[in-house]
Amino acid sequence: MRYGSKVLFEEVAVTFSPGRRYGLTGPNGAGKSTFMKLLTGELTPQQGTIVRPQKLGVLKQDQYAFDQYRVLDTVIMGNARLWSALQERDALYEKPDMSDEDGMRLGELEGTVGEEDGYTAESDAAILLQGLDIPDEFHERRMSELQGGQKVRVLLAQALFGHPQALLLDEPTNHLDLDSIHWLREFLVRYDGTLIAISHDRHFLNAVCTHTADIDYQSIITYTGGYDDMVMAKTQIRTRVESQNAQREKKIEQLNDFIARFSAGTRSSQVQSRRKEVERLQTTELARSNIQRPYIRFQMNRPSGRTVLEAKGITKSHGGQSIIDGFDTMITRGERIVLMGRNGLGKTTTLKALLADSPNLAPAPRDVDAGTVRWGHEVSIGYFAQDHTGAIQRGMTAVEWLHQFDPDAARQDIHGLLGQMLFSGEEGLKPTEALSGGETARLLFCRIMLQKPNVLVLDEPTNHLDLESINALNIALQKYEGTVLLVTHDQDLIEEVGTRIWHFDGNTIEDFKGTYEEYAAAAQ
């Protein structure tokens, strides 16, 4: 498969076996989603063939495609054969007078409905929806009445419905909270068909996958084990080839030295045999690995005072519904607070309320209804918003946009910073309106690194990042000496970065001073 001059796949031959769970990995732009579309039949390969099972469960990406359907019906559509039989059967029953032919056809359809467990379809769909935290009262509603995160879960239930022989999931954990991710993980571990999943959640891949299919060198190489096992195997193979190359180069140098000394003398037959040996020993060319690691490092211009923030009676409601009710808190320098809980319970709202009148950010008084927030001495904030639509001005290049936040910085320093975040060479001159989601996220991190704040407020920063970028962010946050407020559903980040947990439940916020591991142990 190629697009113009860009080759995504060249002569790829790969088999996905029953009972195995594959993570499909590779950096943004490697062709993961394209490969998934080739497997589902949405795209046709320019060359070669794909054999797929009859029953394929696919996570649909278009959240609006089923807006006019009931939630339960949307799930049942995951079994295309059953759905089509149910539709035809209902149409026949609606006929005022039925012919013998119709009666015969009805018998066939009832047979199909029975074979496909159609008589328990609604209750089976309801069980899946409950597991994905879609309560019973939503099951009869239309899809258009649901929020984005809820729609994703219904589409996930659709892919899982009807016991498909293979499941193809592209970013199944996007927009899911930690509880739903845990449920999905347990479900997939029990699933006995073939699973192929694209995910940027390392913890999820390590917990679910028995194998990793890595897109690299325009091919797909399958490794045994989860994501970490694949990275280790890949590194070991590369190290071995590098060491063999070093030994060969040393031997070639000795042979070339002999050839240079004796080529004009009487030992021409020995010289000739050494020339052949040099040709045989040519080093194995190392293909450049697709694992690109950005370098994220958060520094501070100066530390803040000991008390970073004091909030009293913070209250915020939306559409007549209370979201935060009289929240009090005090944050001291160096704490790393992770905000956790189901989607829609007010994590983003809380961050916005705390930032409503904060230093070096535009005031937003509408983000809080009541209460006081006092930011401490010398506090400077780096904010990464969950919705960064419009955060980057259009009509400029990435370099120009970044430069305006430190006009005194030398141009080469700005290019250096962009290079750290994988905008190499000409990519820094890319127009801001042409940036992908992942590039936008990396550019926003460049701004924070340039500003060197002593408080980081990060709301879902991993949504558009690939695995290597998330890993780099994790390491950077662990090394950062300032204060962090972080909303994330990435379990590795929660476990390895957090020193304090704010857990959202209803409109109450439980404040636990300790790591996620300690919090989970105390909750049992």
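How do the axes of helix 6 (residues 148-160) and helix 7 (residues 178-190) cross, and within what distance do they come? In this predicted model, for which local features need pLDDT of at least 70, side-chain atom pairs count only at pLDDT 80 or more, while totals for chains, interfaces and linings use all residues. Residues are numbered from 1 along each chain as its sequence is written, and side-chain values use heavy atoms, with hydrogens and water left out.

The two axes come within 13 Å and cross at roughly 5 degrees, where axes are lines fitted to C-alpha atoms, for helices over the stretch in contact, and angles run from 0 to 180 degrees between N-to-C directions. Helix 6 and helix 7 are therefore roughly parallel to each other (angles under 35 degrees count as roughly parallel, over 145 as roughly antiparallel, 65 to 115 as roughly perpendicular and the rest as oblique). Helices (H or I, at least four residues) and strands (E, at least two) are DSSP runs, numbered from the N terminus. Contact, meaning heavy atoms within 4.5 Å, is made by R153, L156 and L160 of helix 6 and by S180, W183, L184, F187 and L188 of helix 7. By class, six of these residues are nonpolar, one is polar and one is charged (Ala, Val, Leu, Ile, Met, Phe, Trp, Tyr, Cys and Pro count as nonpolar, Asp, Glu, Lys and Arg as charged, and the others, Gly among them, as polar).

For helix 9 (residues 227-262) and helix 10 (residues 268-280), the axes come within 9 Å and cross at roughly 150 degrees, which makes helix 9 roughly antiparallel to helix 10. The contact involves K251, I252, L255, N256, F258, I259 and F262 of helix 9, together with Q270, V271, R274, R275, E277 and V278 of helix 10; these residues divide into seven nonpolar, two polar and four charged.

The second largest pocket has a volume of about 820 Å³, a pocket being, on a 1 Å grid over the protein atoms alone, an open set of points with protein on both sides within 12 Å along at least five of seven lines, and lining residues having an atom within 4 Å of a point. A volume is the space filled by probe spheres set on the points, which are joined across faces, edges and corners. Of the 31 residues that line this pocket, V12, V14, F35, T49 and I50 lie nearest its centre. The largest share of the lining, three residues, comes from helix 1, and the lining as a whole comprises 19 nonpolar, eight polar and four charged residues.

Methods. 1 Å grid on protein atoms, 1.4 Å probe; cavity = no way out; pocket = protein on both sides within 12 Å on 5 of 7 lines; lining within 4 Å.
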